[in-house]
Amino acid sequence: MVRLILASQSPARTKLLTEAGIRHTVLVSDVDEDAVQARYGVTDPHDTALLLARAKAEAVAALPEAEGALVLGCDSVFEFDGEAHGKPYTAAVARERMLRMSGNTGVLHTGHWLVDCRDTEPDGGSAPGTGATLGTVASAEVSFLEMDAAEIDAYIATGEPLHCAGSFTIDGLGGAFIRKVDGDPHTVVGLSVSTLRGLLASAQVRITDLWPAS
């Protein structure tokens, strides 16, 4: 049986996989995102999303628990006015960003990185691994409705936007402020299922192999 490990602590990502019928377990990496970015000096939002996704996947792939599994790392970065916006963490940062985003458009980049930790020459009847380690970025354009200061403050008071890339969600309370999405909406949640399908195919695994047995 093919095993997939999600190297992310995001409840939205694991919920998305679960609702898509994709069997997986969660194993969180201890990657220091700031240290990774400082080491490589990446400033482009697209490349940063891929770099961090790779760092998370490879950190978990190095753990004994990942032996024989496929490991998926993901990371999201919101690009607005040419700037990379990760999680705001504080109410002041979230408010400043959302006031600027009101009535405007940005791009949410989600990096995906897959590592095949299966034995390339297994004994018995199990399928061999490919040794693949590869990734890609899925991006979607997000257009926001006008938001007044009272709405923004009320949203921030819920705590939801403080730990989300770009200070918003599409699958929670923040969905009320999104006018449209051009691209895969799953990308905005933080994991594109269709992108995962393509990465799995490169590792010679069908996404249907991860569906529950009928």
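Author: Let us begin with a term: a cavity is a set of grid points where a 1.4 Å probe fits but cannot get out. The model shown here is predicted, and its largest cavity holds about 40 Å³ of space. With 30 Å³ or more as the rule, the count comes to one cavity.

Reader: What makes the lining of the largest cavity mostly nonpolar, and which residues form the lining?

Author: The lining consists of Met98, Met101, Phe144, Met147, Tyr155, Phe168, Gly174, Phe177 and Ile178. Met, Phe, Tyr and Ile count as nonpolar, whereas Gly is placed among the polar residues, and the division therefore comes to eight nonpolar, one polar and no charged.

Reader: Why is the pair of Phe78 and Phe168 called edge-to-face?

Author: A pair of aromatic rings is described by the distance of the centres and the angle of the planes. Centres must lie within 6.5 Å for a pair, and planes over 60 degrees apart count as edge-to-face. The rings of Phe78 and Phe168 have centres 5.1 Å apart and planes at 75°, so this pair is edge-to-face. Phe78 belongs to strand β3 (residues 70–80) and Phe168 to the loop between α5 (149–157) and β7 (178–182), so that the pair links distant parts of the chain, 90 residues apart.

Reader: How do you know that Phe78 and Phe168 are buried?

Author: Buried means under 20% relative accessible area. Phe78 has a value of 0% and therefore counts as buried, and Phe168, at 6%, is buried as well.

Reader: What makes the pair of Phe78 and Phe80 stacked?

Author: Five aromatic pairs are found in the whole structure. In the pair of Phe78 and Phe80, the centres are 6.3 Å apart and the planes 15° apart; since planes under 30 degrees apart count as stacked, the pair is therefore stacked. Both of these residues are buried. Ring pairs also link Phe78, Phe80, Phe144 and Phe168 into a cluster.

Reader: What is found in the lining of the largest pocket, and how much space lies in this pocket?

Author: A pocket, unlike a cavity, is an open set of points, and the largest pocket here contains about 990 Å³ of space. Of the 39 residues that line this pocket, Arg13, Lys87, His163, Cys164 and Ala165 are the closest to its centre. Its lining divides into 16 nonpolar, 14 polar and nine charged residues. Among the elements that each supply at least two of the lining residues are α1 (11–19), α3 (45–61) and β4 (83–85).

Definitions and conventions. Residues are numbered from 1 along each chain as its sequence is written. This is a predicted model: local features need pLDDT of at least 70, side-chain atom pairs count only at pLDDT 80 or more; totals for chains, interfaces and linings use all residues. Side-chain values use heavy atoms; hydrogens and water are left out. On a 1 Å grid over the protein atoms alone, a cavity is a set of points where a 1.4 Å probe fits but cannot get out, and a pocket is an open set with protein on both sides within 12 Å along at least five of seven lines; lining residues have an atom within 4 Å of a point. Grid points are joined across faces, edges and corners, and a volume is the space filled by probe spheres set on the points. Rings of Phe, Tyr and Trp (its six-membered ring) pair if their centres lie within 6.5 Å; planes under 30 degrees apart count as stacked, over 60 as edge-to-face and the rest as tilted. Buried means under 20% relative accessible area, exposed over 50%, partly exposed in between (1.4 Å probe, protein chains only). Helices (H or I, at least four residues) and strands (E, at least two) are DSSP runs, numbered from the N terminus.
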